[in-house]
Amino acid sequence: MNKATDIIRRCASPRVIFWLTIAVLAIPNVALCFTERMGIMAGVTNVILPGAVIWLLMTMGRRPGKTALIMLPLMILAAFQIVLLYLFGHSIIAVDMFLNLVTTNVGEAMELLDNLMPAIVIVLVIYLPVIALAIMSIRTRATLTAGFMRRQRRCAIVAVVAGAACMAGSYAADREYSAKLDVYPVNVFYNMVLAVERYNATENYPQTSAGFRFNAKPTHGASEREIYVLVIGETARAYSFGLYGYGRNTTPMLQHTAGLTVFSDAITQSNTTHKSVPMLMSAASADDHGRIYREKGIITAFREAGFHTTFISNQRPNHSFIDIFGKEADEWKFIKEESKRNNMYDDEMIKTVNDIINKKRKKELIVLHTYGSHFNYRERYRPDEAVFTPDNASEAKASNRQQLLNAYDNSIRNTDHFLSLLIRELNRSGAISAMIYTSDHGENIFDDSRRLFLHASPIPSYYELHVPLRLWLSPSYRQMFAAEANAVGSNSRKSVATSASVFHTMLSLAGISTPVRADSLSVASCRYKPGERHYLNDHDLPVAIKKIMRDKEDFAMFRKMHMKY
């Protein structure tokens, strides 16, 4: 017992705490040198300059325990960065990561955290002992000698100067080098500022969009009954659908559905829900994302054209543009909020859809936001609906891949069932009707040597980018609006950026005229023109798909699926 006490006392010595704090705060800098594609000089700068600054800060007080606790925010940031690297294998904490903290509901967060225990244990083992030792040091009032502090301060200043020289060399060697983008934690603080700016812009949306009007007008006959449905899926990757040639029969019902057109080369412009879904619900896209703060969503365009509108979500409100655009509808429902249940299946929205259809209004728009294949996958379908088993494992590790994949594929079958039920009800209505289904983004399931899992990685993979896009047109629609139906068929093999096209396609299908509508982006128009597709990066800038992909595995999958990049 006395020996253990002596070891702890030695570990809590001022000098140990001084050097240990510097070391643990430098871990992300060293790790990022291996995970990021930076030049030698940039890598040296990323380690020496931040480390020297921390070193210098630690000499500001003779009680290192107190100084270490002042560094606690940096330790929390470093822990967050390590978890991110564990999850995605690369990249700094992104703007979207900070925004996810305020747009992800508690249930989603707990599902993820419960299954990231290895990463959480790692950061606890690294940082909790430092914090504990710092507290012990404060209680014992341990201090460093004045001579030690003077020597360390001089050495730290020399290191800061050396780091600054390395930074100058980095700027000289690389025209694209930038400290605010390439030096940790400066880049993280920069992203934090951008996240606050975007959050404030979202909060100010009611004022910045107050005067906006689509000036939308209907062009279809007023006497015909029409129903249009936009289904926004969640975390559904095209690769895992049987309709796209997957090795498993995950779409047994849709593959026999008449009137369904499958777009084989569709990608999302964001792998995060809080950015992708609002782009699907508005005219904003990667090429012109700023308009999202000035314009209203597609629901308002339909309302201006005389449609009754309904937004139904199987997700909880998250204070993002999803809620803002959804609540523009005449009626909106978050079914989990109304039921008070933590988990509801997507097909439970069908009853609400039936109630709407049975009211037999002349013009109807229904927007459905599903929970699709969001992790934890096995919660997305009823236990007795499991076809691929075993499917019980949920811990995020590569050794569980087969069970995770089984559960994921079962969730895709559930989506197949849900969409088939929806189409059946639209057919039953007898109305001229059309449905678009796409997903906000895809998902990684330890698919290759990179061992990526989940989505929202700062640099997206093929599995996150390639999403399903399907249009279903009723027989009466195909007969009444043959030009649009023919255009859908002829455009199905062309490349599509869903976030840019869905808005304009919905307007085309419904015959809504507005200056905002661009038929060159509508796959229901003979004027559709596929162009270079872009991804909306973390700083809300459009980047060509071929430039955003960084690994050979992604290029190989694009070629395998006969997709353009």
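1. Strand S8, which spans residues 432-439, has 8 of its 8 residues buried in this predicted model, so the strand is largely enclosed by the rest of the structure. The burial holds on both sides of the strand: Ile-432, Ala-434, Ile-436 and Thr-438 point one way, while Ser-433, Met-435, Tyr-437 and Ser-439 point the other way, and all are buried.

2. The pairing of S8 can be followed to two other strands. With strand S2, residues 226-233, S8 pairs in the parallel sense over 8 bridges, and within this pairing Ile-436 of S8 is the bridge partner of Leu-230. With strand S11, residues 469-473, S8 pairs in the antiparallel sense over 5 bridges, and here Met-435 stands opposite Trp-472 of S11. Ile-436 and Met-435, the S8 residues named in these pairings, belong to the sets that point in opposite ways from the strand, and both are buried.

3. Helix H21, residues 482-491, has Ala-485, Ala-487, Val-488 and Asn-491 as its buried residues. Seen down the helix axis, these buried residues fall within an arc of 160°, so they line one face of H21. Ala-483 and Asn-486, by contrast, lie on the other side of the helix and are exposed.

4. Against which elements do the buried residues of H21 pack? They pack against strand S3 (260-263), strand S11 and helix H20 (475-480).

5. Gly-89 sits in the loop between helix H5 (72-88) and helix H6 (95-103). Is this glycine buried, exposed or partly exposed? At 35% relative accessibility, Gly-89 counts as partly exposed, because the value falls between the cut-offs of 20% and 50%. Once its neighbours within four places in sequence are left aside, Gly-89 is in contact with Thr-35 and Leu-84. A further relation is one across the sequence: Gly-89 and Ser-457 are 368 residues apart along the chain, whereas their C-alpha atoms are 9.0 Å apart in space.

Notes
Residues are numbered from 1 along each chain as its sequence is written. This is a predicted model: local features need pLDDT of at least 70, side-chain atom pairs count only at pLDDT 80 or more; totals for chains, interfaces and linings use all residues. Side-chain values use heavy atoms; hydrogens and water are left out. Buried means under 20% relative accessible area, exposed over 50%, partly exposed in between (1.4 Å probe, protein chains only). Helices (H or I, at least four residues) and strands (E, at least two) are DSSP runs, numbered from the N terminus. Two strands pair if DSSP finds at least two bridges between them. The arc is that of the directions from the helix axis to the C-beta atoms. Contact means heavy atoms within 4.5 Å.
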